Amino acid sequence: MTKNSVLVDVRDLRKTYRMGKVEVNALNGVTLQIRRGEFVSVTGASGSGKTTLLNMIGLLDDPTDGAIMVDGEDTRKLSTRDKSEFRLRRLGFIFQFFNLFMELTAIENIVLPALAIGASRENYMTKAVTLMRSVGLERRIRHYPFELSGGEQQRVAIARALMNNPILVLTDEPTANIDSVMSNKVVDLFVRINRERGVTVLMATHEKELAAKASRILELRDGNLVADRKNIPS
């Protein structure tokens, strides 16, 4: 693995939470690398450390110990403001609860990241329409989230995550609030985005059938990385 091919480099990552007088070790010295262009699933039971790992890599939380390099940046050296800028310009996030603004239309939700970096209206509106078409929502541009199904809302969230051309998309249990048929369609969309756009995808899921669509599967158990295997997608 050449240096330039490594997008995420995690070394001896540890995270300890204090709950009253009790310390909970969410991650116990996890070490791994993710290459550019990979689609990686993170599996494990509830409480295994999946969300904690994604939050650390996504700069949403700070590790107790260890190092994380993302796109050549030592994240320990970034200020709070630098981390916000890094997330906005280089990372895309997709959450299980969609996190859409109910008072905004689908396309207004999608353009929010572009507005945050000061992109021109002409550029971001054209791109937003293209993204909506790519996720099959070209007829839902002016619809509000409450007028969309769960699967459609998640596809809006996917388009929003791609708005600023991220190098890495992180998605935590993205199918938890949609049915099994739509779950497969959503993860198939991740596969297509990964293959056609070359975007690296890191997806946490407890569903083995969905994890099997990735080209690599990591398994966490009690905060430890217990398996790391290549996979031939089903």
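What is the volume of the largest cavity? In this predicted model, the largest cavity has a volume of about 40 Å³. Counting cavities of 30 Å³ or more gives one.

The lining of the largest cavity consists of I94, I158, A161, L162, V169, F190, I193 and V201. Two elements each give two or more residues to this lining: helix 6 (150-161) and helix 7 (180-197). By residue class, the lining of the largest cavity has eight nonpolar residues, no polar ones and no charged ones.

The model also holds an open sheet of six strands, with mixed pairing and the order 6-7-8-3-9-10. From one strand to the next, the twist averages 15 degrees.

Strand 6 runs parallel to strand 7 (residues 168-172), and four bridges join the two. Within this pairing, L91 has L168 of strand 7 as its bridge partner.

Two helices that pack on the sheet are listed below with the strands they touch.

| Helix | Strands touched | Angle between directions |
|---|---|---|
| Helix 2 (residues 80-90) | strand 6 and strand 7 | about 80 degrees with strand 6 |
| Helix 7 | strand 3 (39-43), strand 6, strand 7 and strand 8 (200-204) | about 155 degrees with strand 8 |

Key
Residues are numbered from 1 along each chain as its sequence is written. This is a predicted model: local features need pLDDT of at least 70, side-chain atom pairs count only at pLDDT 80 or more; totals for chains, interfaces and linings use all residues. Side-chain values use heavy atoms; hydrogens and water are left out. On a 1 Å grid over the protein atoms alone, a cavity is a set of points where a 1.4 Å probe fits but cannot get out, and a pocket is an open set with protein on both sides within 12 Å along at least five of seven lines; lining residues have an atom within 4 Å of a point. Grid points are joined across faces, edges and corners, and a volume is the space filled by probe spheres set on the points. Ala, Val, Leu, Ile, Met, Phe, Trp, Tyr, Cys and Pro count as nonpolar, Asp, Glu, Lys and Arg as charged, and the others, Gly among them, as polar. Two strands pair if DSSP finds at least two bridges between them. Axes are lines fitted to C-alpha atoms, for helices over the stretch in contact, and angles run from 0 to 180 degrees between N-to-C directions. Contact means heavy atoms within 4.5 Å.
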